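Here's a look at how the side chains in this protein hold on to one another. Have the sequence and the model open while you read.

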Amino acid sequence: MSLGKQYFYLFWASGVLLAQSPNTPEFFENKIRPILVKNCYSCHTNTEMGNLRLDSAEAMVKGGARRGPAVVPGDPEKSALIVAVRHADADPKFRMPMGVKLRDADIDALTAWVKAGAVWPKSIPTVSKVGGKFVIFPEQKKFWSMLPLRKPDLPAVKDLKWPRTDLDRFVMARLEKENMKPVRFATRTELIRRASLDLTGLPPTYEEIQAFLKDTAPDAYSKLIDRLLASPHYGERWGRIWLDVARYGEDDYRSLDPMRRGFNPYPNAFLYRDWVIRAFNDDMPYDLFVKSQLAGDLMDEKIRHKTLPGTGFIGLGPWYYDNGSTEVTRADERHDRVDVITRGFLGLTVACARCHDHKYDPIPQTDYYALAGIFANVTYEEYPLAPQSVVEQFRKIEEQIDIKQKMLMEMQTAMGKNLGHSLALEISNYLQGVFEVAGPRKMEAGNVVEARKLDYEILDRWIKYMAKPAKKYPHKDAWQAMMARKPAATAQEAKKVADKFQEDVVAVMLARHELDDENKVIANKALEGTKPKKRTNKPSNFVTNDDFCPGCGLQLKQMPEDQNNLYTDIFVRELSDNDDPNAMMEGGFRNAKPGVLTFRGWALERRVGSESQAQLAGVRKDIEDARKKIDPHFPFLHGIKDKPKQEISELPLALRGDPMNLGEPVPRHFLSVLSEDQPAIFRAGSGRLELAEAILRQPLHTRVIVNRIWKGHFGSGIVDTPSNFGVTGERPTNSELLEYLAANFAAKGQSIKKLHKEIMLSSVYQLSSDNDAANFAKDSANRLYWRHEKQRLDAEQLRDSVLFVSGKLDRSIGGPSSDLKPGFLRRTVYGKVSRYKLDEYLQLFDFPSPSISAEKRFTTTVPQQRLFLLNSDFMQLQAEELASRAMPEPDNRARVRKLFQLIYGRDASENEIKLGLEYIKSEPMLSYEERKKKAKEAGPAEGMRRRGATGMEAAPASEPPSEAAAAAEAPPAFPADFGMGMMGGMRRGPGAEDKPAVYEPTIWGRYAKVLLSSSEFLFVN
């Protein structure tokens, strides 16, 4: 074996964490890089906090602005990195990572690495070229994630009592290797809460907990899991987890639209979301789940009705087709498809090979374009869910509406143009009126309008226009010089200058008219056939730049710049100093102020006469009547389909990723490193179905999905880079456990529900969240699973749990999405997910961007989250509803007890009851004193009514309420939707909706809100 191949074998065959010398590339990749990626890169790569980067050997040696070299190879004591991670510096700001300390094993590894010379493999030859040709060595295919699937033998363990399932033996063996022991098991109360929130996203009720505690049968927990898996809410929870990977969104942030309509949502995006939820509820085999999303339209006709909605995985975009040149935007779309598919299903970052061969994984640039070529042969498609006759009738009416809409726009444009041009012949008269109003005489505008028979609004426009300096043309210079002259000009002089300005404007107007006629001839010559192209806003109809903006690419004649600017300012729109009028004209002048003689809408219609008004009204009514015939629109799926067979072609390789600089066409095929020999060329249509089958033949896809499910239960994956199983990804912390789970998953028909149950029946899943100091010192991140890591409720779990305990949760399944407002009572998964503007509540609680595939959710802790819990209308409203559930209880003790049962699913302790009663007794007096103080500060007039602590209207305060009065206080009935978003109550003014929430918070509602804000409610366990 050659020296090079020996090197490859040593590196690529290291599938598990073996004892390695700290001066080897293997040690760096397996130990050091994961530490840096996880703990350092967020602050010390592109952000360069402290002017320090830690993503290359050169940057580490250079160091930061204050501490010098981060690494001194061979000398850990002089290396700022080692001092920082040891927390050895007196300055607490120089103790890294911020807020925590690395586990001892990680610090030791970094120290050993630096002492051994800080080996940083500059060019790991995982991708190599021999004689200019890309070569994948056989050893490279032996990387741990690419090896064939195997079911490992069960390891021997010392503690034979602890394991409840076979997978426990792998966990225990790994712990025993590190001389660690797991913590105690969770209580049954903790276990049912964990299982319920894990599988359904909802907490268990007090009654369910009590029933579980009383069920002493050996299979009680197994039956609980079965019940939760059978719940329709299971699919809502785990479907949402997949939707993160699928970068599900219900619109795009595209900024343009050919009909000037702006924002374009996907009206039926929810059908894909509902399909995903149903697939999880039905326990659709994972292989069918994958195929449906890549090629659901190509499946057997007998099951196509089940698989077709899955094509929304690609059909829902994002699409970039109208954000720039077609060459670039289509390349960006293909890039999205390659990225979401390879990271989502295979855990490989193939998208990194767009511009060059992958720097770390054995993926040549040709492989990227082989996959991208598949999606170059795919188009967007809307699959109707209605009879063909209905579809044809709808499309006929839609075509008529488009024609009439175009007629209306042309009529309005022509009327506006004619009006403006006719008024150009009256410019001198208007300017003389401007002189009389703004000149030395300072006459009343009303008198000038009456005497000269002018339009008051148009005169006002001319007054403002003539006073504004014009930097882009000289035609107003003479007028403005005259107006500023002392002694003042005479009326005769003003008339002379006004006549000259009118003459200039009319000359420009006539020149533009002649130029437009010439350009029409140029445009007509460029037409293919006899009909002009129709504007479109669907990706499937957009092939060339001319499809989106017909005629925009023509080289048309232009007037001299100063004349063009004058024409634009008078007849099109108001110019600003940094505008290009030609670009604005092509853009449709969206959001632009009209020119002096530009008229739209009612400003136009009231000036064109009754006959023209009647014509416009007639066309408008025809459009409205036609729209009523297709409202509601027939439902359809957003999906994809292959291009016609005769249009199928291979995609050329883009040199350096530049879609304008193309190389040779690349045949469509699967990844070379995952193929036995040369990858077979895809020949069936686009190749989507062949791609799906090739993915499913790889054991890698099985490892990826079982790791995602494991991470969903434990908070961290066995590989905690769930979408990166390549060289730069994390190595498995327990490779044998991952192999066991993947092999079992494949053997049991790729059933995700069976995988859930296997995991949840294990001892490792049923551990408590207790801490153990010795274990924490060795494994602070709990990557070996010696306890069940504490997890905070995510955005959906939090909102849904609040609605659940308040008794207001609407549990209906599926259907169109709605904005997340306090009046929207369905589960959060049915709220709108916008790429254009993500809901602020979702942003606040760490919802991932729906524009790219998300491998994990990051948990942040920011003050605004606590402020939401304390101040938002949503929390106060649901707290009032929750309090109303306790009001029927006979006394305050019973009410406190009831709230604990509703919120925490347990009985309150005597001390907790005492604290609750003290709050109920003292809070009214505190509120009274607070209102009294505010009323005194505001004065008697405003002191009659003041806003309460939540920003709502509070009742007048005269005397402090008694405890009995507070106890009898019943929450009022609230409207179903009172107009504020989820963030209502946290802000007012710009950005807030016009209609504020108005209600009277009660003492019991405030107390309930305090309980809802506790860690016991906000954490799974």
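Let's start with a charged pair: aspartate 244 and arginine 857 join their side chains in a salt bridge, 2.8 Å from N to O. Aspartate 244 belongs to helix H10 (residues 232-245), while arginine 857 is in the loop between helix H34 (840-844) and helix H35 (863-871), so this contact ties together parts that are 613 residues apart in sequence. Aspartate 244 has a relative accessibility of 9% and counts as buried; arginine 857, at 22%, counts as partly exposed. Keep in mind throughout that this is a predicted model.

**Salt bridges**

That pair is one of the 52 salt bridges found in a search of the whole structure. Here it is again next to two others:

| Pair | N to O distance |
|---|---|
| Aspartate 244 and arginine 857 | 2.8 Å |
| Glutamate 436 and arginine 452 | 2.8 Å |
| Arginine 668 and glutamate 650 | 2.9 Å |

Take glutamate 436 and arginine 452, whose side chains meet at 2.8 Å. Glutamate 436 sits in helix H18 (residues 427-438) and arginine 452 in helix H19 (residues 445-452), so the bridge ties together parts that are 16 residues apart in sequence. Which partner is buried and which is partly exposed? Glutamate 436 is buried, with a relative accessible area of 13%, and arginine 452 is partly exposed, with 22%.

Now for arginine 668 and glutamate 650, which meet at 2.9 Å. This pair links distant parts of the chain, 18 residues apart: arginine 668 is in the loop between strand S6 (662-666) and helix H28 (688-696), and glutamate 650 is in the loop between strand S4 (636-642) and strand S5 (651-654).

Some charged residues go beyond pairs. Asp455, Glu457, Arg461, Arg606 and Arg607 are linked in a network of salt bridges.

Arginine 688 is another one to click on. It lies in helix H28 and is buried, with a relative accessible area of 1%. Leaving aside residues up to four places away in sequence, arginine 688 touches a list of residues including Leu294, Asp297, Phe375, Val378, Ile640 and Asp642.

Nonpolar side chains in soluble globular proteins tend to be buried together. Here, the largest nonpolar core has 223 residues, and Trp242 and Trp462 are the ones with the most contacts inside it. Apart from this core lies another, of 24 residues, with Phe28, Leu36, Val71 and Ala118 among them.

What does tryptophan 242 touch, beyond residues up to four places away in sequence? Its contacts are Tyr272, Val276, Phe280, Tyr286, Phe289, Gln293, Phe313, Gly344 and Phe345. Trp242 also belongs to an aromatic cluster, along with Tyr234, Tyr248, Tyr272, Trp275, Phe280, Tyr286, Phe289, Phe313, Phe345 and Phe745.

**Rings and charges**

The structure holds 35 aromatic pairs. In one of them, the rings of tryptophan 144 and phenylalanine 725 have their centres 5.3 Å apart and their planes at 35 degrees, so the pair is tilted.

Tryptophan 275 in helix H11 (residues 270-281) and phenylalanine 289 in helix H12 (residues 286-295) are 14 residues apart. Both tryptophan 275 and phenylalanine 289 are buried.

Rings also pair up with charges. The charged end of arginine 188 sits over the ring of phenylalanine 212, 4.1 Å from its centre. Arginine 826 lies over the face of tyrosine 830, at 4.1 Å from the ring centre.

**Cysteines**

How many disulfides are there? The count comes to zero. Take cysteine 352: the closest cysteine sulfur, in cysteine 355, is 9.8 Å from its own, too far for a bond. Cysteine 352 counts as partly exposed, at 41% relative accessibility, whereas cysteine 40 counts as buried, at 13%.

Key. Residues numbered from 1 in each chain as written. Predicted model: local features only at pLDDT ≥ 70, side-chain atom pairs only at ≥ 80, totals over all residues. Heavy atoms only, no water. Core = buried A, V, L, I, M, F, W, Y, C linked by side-chain atoms within 4.5 Å. Buried < 20%, exposed > 50% of the residue type's maximum accessible area, 1.4 Å probe, protein only. Contact = heavy atoms within 4.5 Å. Phe/Tyr/Trp six-rings, centres within 6.5 Å; stacked < 30°, edge-to-face > 60°. Helix = DSSP H or I, 4+ residues; strand = E, 2+ residues; numbered from the N terminus. Lys NZ or Arg CZ within 6 Å of the ring centre and 35° of its normal. Disulfide = S-S within 2.5 Å. Salt bridge = Lys/Arg side-chain N within 4 Å of Asp/Glu carboxyl O.
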